[in-house]
Amino acid sequence: MHSAFDPASPQARAIAHLWWWMFGVGASVWLIVVVAMFLALRGKRGERGPDDLSHASPELRTRLERTVKGALFVTVLILVGFLAFDFTVGRALAAAPTKMLTIELTGHQWWWEVQYADTNPSRRLVTANEMHVPVGRPVQFRFQSRDVIHSFWAPSLHGKRDLIPGYSSSLWFVADTPGVYRGQCAEFCGLQHAKMAFVIRAEPQADFDRWLEASAASPPPPSDSTAAYGQRVFMSAGCAVCHTIGGTQAQATVGPVLTHLKSRMTIAAGTLTNTRENLGRWVLNPQQIKPGTQMPPSPLSTVQLDALLAYLETLK
Amino acid sequence: MTNPHAALPADVTIAPDEIERESRALSTVWSDGSGLWAWLTTVDHKTVSKRLIVTAFLMFIAGGIEAALMRAQLSRPENTLIGPDRYSQLFTTHGTTMMFLFAVPIMTAMGLYFVPLMVGARSLAFPRLNAFGFWNYVVAVVFLYVSLFVNTAPDTGWFAYVPLSGPQYSPGHRVDVWAQVVTFTEISALTAAVNIIVTTFKMRAPGMSLNRIPIFVWAQLVVAFMIVFAMPAVATASTLMLATDRAVSMHWFNPAEGGDALLWQHVFWFFGHPEVYIIFLPALGMITPIIETFCRRKVFGYTPIVMANITTAFFAFGLWVHHMFATPIPELGQSLFTAASILIAIPTGVQIFCWLATMWASRPKLTVPMLFVLGFIFTFVNGGITGVMLASVAFDKQAHDTFFVVAHLHYVLLGGGVMPLLGAFYFWFPKFTGRVLSERLGKWHFWLFVIGVNVTFFPMHILGLQGMPRRVYTYLAPTGWGPLNLVATIGAVTIATSVLLFLVNAVMAMRRAPDAGPNPWGASGLEWAVASPPPNYNFLHAPVVESRHPLWDTTVDLPVLTGFRSDRREVLVTTTFDARPDSRHEAPKGSIWPLYLALCMGVLFIGSIFSPWFVPGGIALSLLGLAGWGWTGSKPTSHERVATPAAVPEHA
């Protein structure tokens, strides 16, 4: 779900509520003005003709003056009411609770680096482009950017927040409906701005805890020979230069972490569904799918690719 | 305020043969000659402004073609018609063209053409400066479009946010092109502003005190002051900061070196928001004379409308942070800008209510210019209301940087800027060319345009709230954004068709002989007192004004002031408040130096992309031009105090 019309948090719901009020009042104002315009056209309140340059009658003039002043008064009243409404919503959104789950998010051209904060550094979970959050618990995102300005936006959960180099920013919300919510970078950040999406999975606390526990462990080493060969391909064909896989020698942080790749719903920052076929296409030539992405093509033989995919599929 | 000339004898008339002799003498002395040299050196404000209007309209078409290409790419999900690199260049060139090369220049050009005619002057205050501004604009146009065709067009959006547009993330010359195109348009806008301010304050017809200035001229005056305060901000941002960051590593915006990435947004939007009103207020200024003419009523609430213009100009400088509500700016600071953004709706509301009241008291004649005014109300009010919505920080967090904003800004700029402008084209086309445009084709143009604009941009509100960010070259099918995008593309085709009809209409009109006469609509402004198209000297005799609607309120002939020399380009200088005759001034003749200096600016700023040495080089070349400019101007001795003026009616 990916729409400000389908809120799944009290925060997004407050904004949607504000929007529907504004829409109702705004549409009425528009309608009144347009109806007044058509009535002005239909009226026969004066003669038409080249010699008729006289002012309107004094009575009409007084009436018009009174109407214009009245319209102005109503406009001011609506605007002041709107201002008050907006400030109440703004205050509610700003009042952050304490004891929130903290997720640190770093924007990269063109993917999202995710870290779950933990006082124990060895338990800090690092992942990419997909976040799990517990339903009913406030989650705080802390943002930073390593390159250009990005903007974090999951419309069903909250409004957006910019990630600006040299600045730290944050956003918090409580997901109150379990579900899968899509989000996307909202600030133009270069060639693949359009394909810089992410997924937020809101699930019950117990499921979330289970996921967190599973994600903290490294995947088991490959058991069958194809996957073991695939791991060697990963280490030797250049993949390990950029990516990390927990429990192996691949510990680079240029690209997204791949430790639990198969547990994610999408690859290439929300661009492709995470199937074996798509993964193969992506590895062979990412430039065809996301022209300009930092990941180079990998000219692998069919055997190598099959083995690599077999290995990647073990990263659950 | 009393008219200083009201008591003067008005029984003297001017003999027809004297008029004949005088007009011949004047047209000789105000002529810039013919041939290529004259074409390059002319300083006639009408010739220069017409060129500016035509070029800016060509830019509207160019920007429209870019928009059509983008709409074609977005018509269905995962379309592969245009790749991300081309697409980035297209939306950046589209925005840059529409804002800097179409909207602002065409609005000021309308002022540069009409302000002298509407205030009864023979010329702009600084004709050569006007030509200089025009040639700078031409440099910008050529530079941007050459770069587009050699695949070097800017690609970081029309507001070029750093660090993306900085040296690290945008190597090459694409962003340099953007920064310098902006520089040329800044120069061009500033020259226009200075000209409009001085012309309005010092060259009005005797008797046209401040409270008798036509509303269009008021709007132009207010906007000229806005340009004077807004353009230096973008000059600082693009020329002083971004260009030096890129050319000589100044690190203004690099946080690693103590720079600030958010600073750019403040400086840019301090210009960028007033820019919207620089486009919008002149358009509003065009509406009043159209409504007055076709309702045959003096506008209801002259003073409130003028005050609304001035108030809007002040508020416009206090809104810029509403473009930055998603950045980490403290909430308390943001709320101030929310309040200001909401308040600016009030003066605009005042103007619309006054126009409705004017129409209410009359029986409007639904000509094409009038239809466009109605289209303006229908479309713009929608954009104004979404503007108030976007002032809310909470709501803006959802809508910011999405297609909702794209919808809003096009409703405001097409509804609030282009629709009045198109109406104004139909209204003043006879004045420019001596020919009236076809009403039948005009009505087709109007309906297709209004329907097209609404079909294109209304669905974008929904798309934005459904999660579609702006500046995406494609989107995935599961997002469900396909159908509404297709509707928007169909709307874009409708707009293109309507603009084509307008061009056909203009070409067909130009093939006829001029037959419009001085005042085909029976309008009230001074510009309608002269022939269509106006002679090079504008007014045979300086008109004397006794009301806000000189052609309506003068029952016999328009009173004029005589006694000026017809053997040199003499213009009348009047006092700022009451427009009493003050002195005479000799206007300069045609000159090559404006073109030469504009080319020097071209060498300086375009060269500076490649080497900083072009800056001192360009300055050295400019010194020669400045010397030539100063040498050939009018002499200070030609200022003479005007003796007792005599107001006499003219039989013409």
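This is a predicted model: local features need pLDDT of at least 70, side-chain atom pairs count only at pLDDT 80 or more; totals for chains, interfaces and linings use all residues.
Residues are numbered from 1 along each chain as its sequence is written, while chains are lettered from A and ligands numbered from 1 in the order in which they are written.

Strand β1 (residues 101–108) of chain A pairs with strand β5 (residues 138–145) of chain A in the parallel sense, over seven bridges. Strands here are DSSP runs of E of at least two residues, helices are runs of H or I of at least four, and both are numbered from the N terminus; two strands pair if DSSP finds at least two bridges between them. β5(A) also pairs with strand β8 (residues 169–174) of chain A, in the antiparallel sense and over six bridges. There, F141(A) stands opposite L171(A) in β8(A).

An open sheet of three strands in chain A has the order β4-β10-β9, with mixed pairing. Because β4 (130–134) and β9 (179–184) of chain A each have a single partner strand, they stand at the edges, and one side of each is left without a neighbour in the sheet. β4(A) and β10(A) pair in the parallel sense over five bridges, and E130(A) has V199(A) in β10(A) as its bridge partner.

Turning to the domains, the assignment for chain A (bounds from an automatic or database domain assignment) gives domain 1 (101–216) and domain 2 (225–312). Their contact takes 18 residues from domain 1 of chain A and 15 residues from domain 2 of chain A; two residues are in contact if their C-beta atoms, placed from the backbone, lie within 7 Å. On the domain 1 side, β2 (111–116), β3 (125–128) and β10 (197–203) of chain A each supply at least two residues.

Between the chains, the contact takes 71 residues from chain A and 70 residues from chain B. α2(A) gives the largest share of the chain A side, 17 residues. That side divides into 42 nonpolar, 18 polar and 11 charged residues, where Ala, Val, Leu, Ile, Met, Phe, Trp, Tyr, Cys and Pro count as nonpolar, Asp, Glu, Lys and Arg as charged, and the others, Gly among them, as polar.
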